[in-house]
Amino acid sequence: MSDIAPAPAAPHTAVIIPAAGRGVRLGPGIPKALRLLNGVPILVHAVRAMAAARSVATVIVVAPPDGAEGVRALLDEHPLPRPVALHVVPGGSTRQESVRLGLAALPADADVVLVHDAARPLVPVDTTEAVAAAVRDGAPAVVPALPVTDTVKQIAAPGPGGTSRTKSQGGEPVPVTGTPDRALLRAVQTPQGFAPDALLDAHRRLAGLGGEEGATDDAGMVERLGLPVVLVPGHEEAFKVTRPLDLVLAEAVLARRRITDGY
Ligand SMILES: Nc1ccn([C@@H]2O[C@H](COP(=O)(O)OP(=O)(O)OP(=O)(O)O)[C@@H](O)[C@H]2O)c(=O)n1
Ligand SMILES: C[C@](O)(CO)[C@H](O)COP(=O)(O)O
């Protein structure tokens, strides 16, 4: 009998990039992931950011439901910094559904799965690698996060027919019900990282929950299974392109990178 231990499997990080949203808060136009930043679609920046991380071997892009072929053609036109297996699948009507559809294409040998918003095109590679490393070190769910810089007020839940609790832009004055201690709050970003079984289980068990019951991020779903979720430092440049001013900021970050990094 041989006493040579089998070689450990090579690390295989697979990334799901939900990119099927319309970008309503950005205003009218083509879907947000296809809007240009420095002449390149937001989605391409996001795929390149993920492919830059050394352990990433697979990237699964979740395209608008009727746009998978177009997205595939678009990605084929843009070189990546490293070779990765690139899959494009059609998405769904909510972010949660889109991630679930992306999970169906997850390779069986992935030991870490990251979920990264296409709408966060400028996340630095160090943030991605820190998230993947923390999962590999044993955490079932890892989230990059930053301290909150505004004071946050709590308001009453809107009644039936009220504005979505996550996407309200304000309007009528609303009564305040409390002021949580800011030191205990964190604003979370992506990529969020998971042990594959934890994320698959969460999406299997919580599929179909929407509205007030739906989670706005994947770690929130894993939390509901009672599994621990840990935070690692996020990065200012991992901000989400949500409103028009975010496009201005993203262009400025890219311009500064061109000056300091020469690309
Ligand atoms: N049905 C959906 C909705 C959202 N997303 C993706 O989830 C990420 C984060 O969502 P968000 O910034 O809210 O994007 P949108 O839903 O497009 O924005 P909005 O709410 O302004 O329409 C984005 O990359 C978006 O493409 C998705 O894949 N499928
Ligand atoms: C996942 C996320 O980006 C973490 O901050 C965020 O929750 C997405 O929320 P959105 O309402 O889809 O913008």
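**Close-ups of a predicted model**

**View 1. The largest nonpolar core.** Of its 56 residues, Ile 17, Leu 43, Met 50 and Val 61 touch the most other members. Helix 1 (residues 42–51) gives the most to this core, with 8 residues. For this view, a nonpolar core is a set of buried Ala, Val, Leu, Ile, Met, Phe, Trp, Tyr and Cys residues joined through C-beta atoms within 7 Å. A residue is buried if 20 or more other C-beta atoms lie within 10 Å of its own, exposed if 12 or fewer, and partly exposed in between, with C-beta atoms placed from the backbone. Helices (H or I, at least four residues) and strands (E, at least two) are DSSP runs, numbered from the N terminus.

This is a predicted model: local features need pLDDT of at least 70, side-chain atom pairs count only at pLDDT 80 or more, and totals for chains, interfaces and linings use all residues. Residues are numbered from 1 along each chain as its sequence is written, while chains are lettered from A and ligands numbered from 1 in the order in which they are written.

**View 2. Zooming in on Leu 43.** Skip the neighbours within four places in sequence, and Leu 43 is in contact (C-beta atoms, placed from the backbone, within 7 Å) with Ala 19, Ala 33, Leu 34, Val 61 and Ala 118.

**View 3. Around ligand 1.** Here 23 residues surround the ligand, and Pro 18, Ala 20, Gly 21, Arg 25 and Ser 98 are the closest. A residue is near a molecule if its C-beta atom, placed from the backbone, lies within 6 Å of it. The shell splits into 8 nonpolar, 8 polar and 7 charged residues. Ala, Val, Leu, Ile, Met, Phe, Trp, Tyr, Cys and Pro count as nonpolar, Asp, Glu, Lys and Arg as charged, and the others, Gly among them, as polar.

**View 4. Around ligand 2.** This shell has 9 residues, with Arg 95, Asp 117, Val 188, Thr 216 and Asp 217 coming nearest. By class, the shell around ligand 2 holds 1 nonpolar, 4 polar and 4 charged residues.

**View 5. Ala 187 in strand 10.** Ala 187 sits in strand 10 (residues 186–188). Ala 187 counts as partly exposed because 15 other C-beta atoms lie within 10 Å. Leaving aside neighbours within four places in sequence, Ala 187 is in contact with Ala 145, Leu 146 and Val 148. By contrast, 34 Å separates the C-alpha atoms of Ala 187 and Ala 9, which are 178 residues apart along the chain.

Terms used:
Two residues are in contact if their C-beta atoms, placed from the backbone, lie within 7 Å.
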